[in-house]
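Here is a friendly walk through one protein model, from its sheet to its cores and its charged pairs. Have a look at the fold first, then read on.

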Amino acid sequence: GGGRGRRLARFFRDPPSMDDAFEADLFLQRTYVKETISVGDLQVTLFCSPSASTDWDLTGQVLWPASRVLAEVVHALGTNGLLTGTSTIELGAGCGLVGFVSACFASHTAITDGHEEIISLLDRSAAIQPDLPLEIHRLPWGTRYRQYLCAVLDSLPHSVQFIFGADIILWPASLVPLVETLDAILSRGQGSGLSVAPCAVLAYVCRANQTRRRFLSACQASQLEVKMVRPGGPSRLPPFQDRVELLLVTKAPFMKEVLGRIAPVMKEVGES
């Protein structure tokens with residue numbers, strides 16, 4: 001009768017929030033398995049989720065194809081001596097495969113992610129390989145979180161020479177904060193007296209052309225130059241899989257120098 005009608009009217013006028021309707025971690029996957037992944041001649045052991053079904057903001061619990069591709073690229077950079085004596089950083093690390101591979105070659109590696117759940121996952125993986133020169137840090141992106149980035153960079157013995165990121169060009173709302181963070185790291189390295197220009201190597205799957213355009217536009221606004229690169233030179237990388245693309249990012253005046261330095265491993269797309 002009238003009571004039910006009033007309750008329905010109240011429901012549609014002021015519906016319950018999603019937080020009231022669902023437990024906050026209803027879709028959170030915390031069942032992790034220890035997995036050993038072959039990357040070149042390395043065997044890297046880490047914890048990850050066996051399922052791709054997880055919270056929309058916790059895709060980092062799963063090991064995606066872009067991470068495997070970028071890990072092979074990092075291994076090739078390492079075996080060619082390009083990471084020797086450097087400090088590197090992985091952004092949006094998720095399971096951390098790329099960062100752990102980098103730590104096998106670099107002087108020091110910071111493996112970072114913005115989510116506390118992922119930091120706990122990374123800490124578990126770091127604990128089973130305590131001899132690697134790495135640190136795990138929470139690092140949300142953007143100038144509003146500059147204090148987090150300063151703390152990470154201050155912890156490294158050298159300015160960052162390589163930034164790595166796998167499948168971090170994804171959510172539209174995160175693109176400008178991501179570029180702000182890339183720009184801050186590259187600018188700090190440029191002003192620190194590094195003998196070579198720092199750069200970022202990013203692997204991703206283009207799921208929406210608009211996302212790609214927004215990322216490139218944000219880079220252009222920050223005077224960052226972006227080139228698509230591919231395996232090249234004497235290094236033998238496995239074929240790229242699942243539409244994974246590789247981007248090289250650096251401050252605009254230094255792209256030619258950076259391309260020359262990484263030539264044993266990668267070449268610009270279209271270059272013979």
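Two strands pair if DSSP finds at least two bridges between them; helices (H or I, at least four residues) and strands (E, at least two) are DSSP runs, numbered from the N terminus. This is a predicted model, in which local features need pLDDT of at least 70 and side-chain atom pairs count only at pLDDT 80 or more, while totals for chains, interfaces and linings use all residues. Residues are numbered from 1 along each chain as its sequence is written, and side-chain values use heavy atoms, with hydrogens and water left out.

**Around strand β4**

Strand β3 (residues 87-91) runs parallel to β4, and four bridges join them; here Glu-90 stands opposite Ile-111. On to strand β5 (residues 134-138): five bridges join this strand to β4, again in parallel, with Asp-113 opposite Arg-138.

How many of the six residues of β4 are buried? Six of the six are, so β4 (residues 108-113) is largely enclosed by the rest of the structure. Buried means under 20% relative accessible area, exposed over 50%, and partly exposed in between (1.4 Å probe, protein chains only). Both faces are covered, with His-108, Ala-110 and Thr-112 on one side and Thr-109, Ile-111 and Asp-113 on the other.

**Nonpolar cores**

A nonpolar core is a set of buried Ala, Val, Leu, Ile, Met, Phe, Trp, Tyr and Cys residues joined through side-chain atoms within 4.5 Å. The largest one has 54 residues, and Leu-70 and Leu-77 have the most contacts inside it. Its largest share, eight residues, comes from helix α3 (residues 65-79). Another core, of 30 residues, lies apart from it and includes Trp-141 and Leu-247.

**Salt bridges**

The whole structure holds nine salt bridges, each a side-chain nitrogen of Lys or Arg within 4 Å of a carboxyl oxygen of Asp or Glu.

| Pair | N to O distance |
|---|---|
| Arg-68 and Glu-35 | 3.5 Å |
| Glu-116 and Arg-138 | 3.9 Å |
| Glu-268 and Lys-227 | 3.4 Å |

Glu-116 in helix α5 and Arg-138 in strand β5 are 22 residues apart. Glu-268 lies in strand β10 (residues 266-268) and Lys-227 in strand β8 (residues 224-231), so this pair ties together parts 41 residues apart in sequence. Glu-225 joins Lys-227 and Glu-268 in a network of salt bridges.
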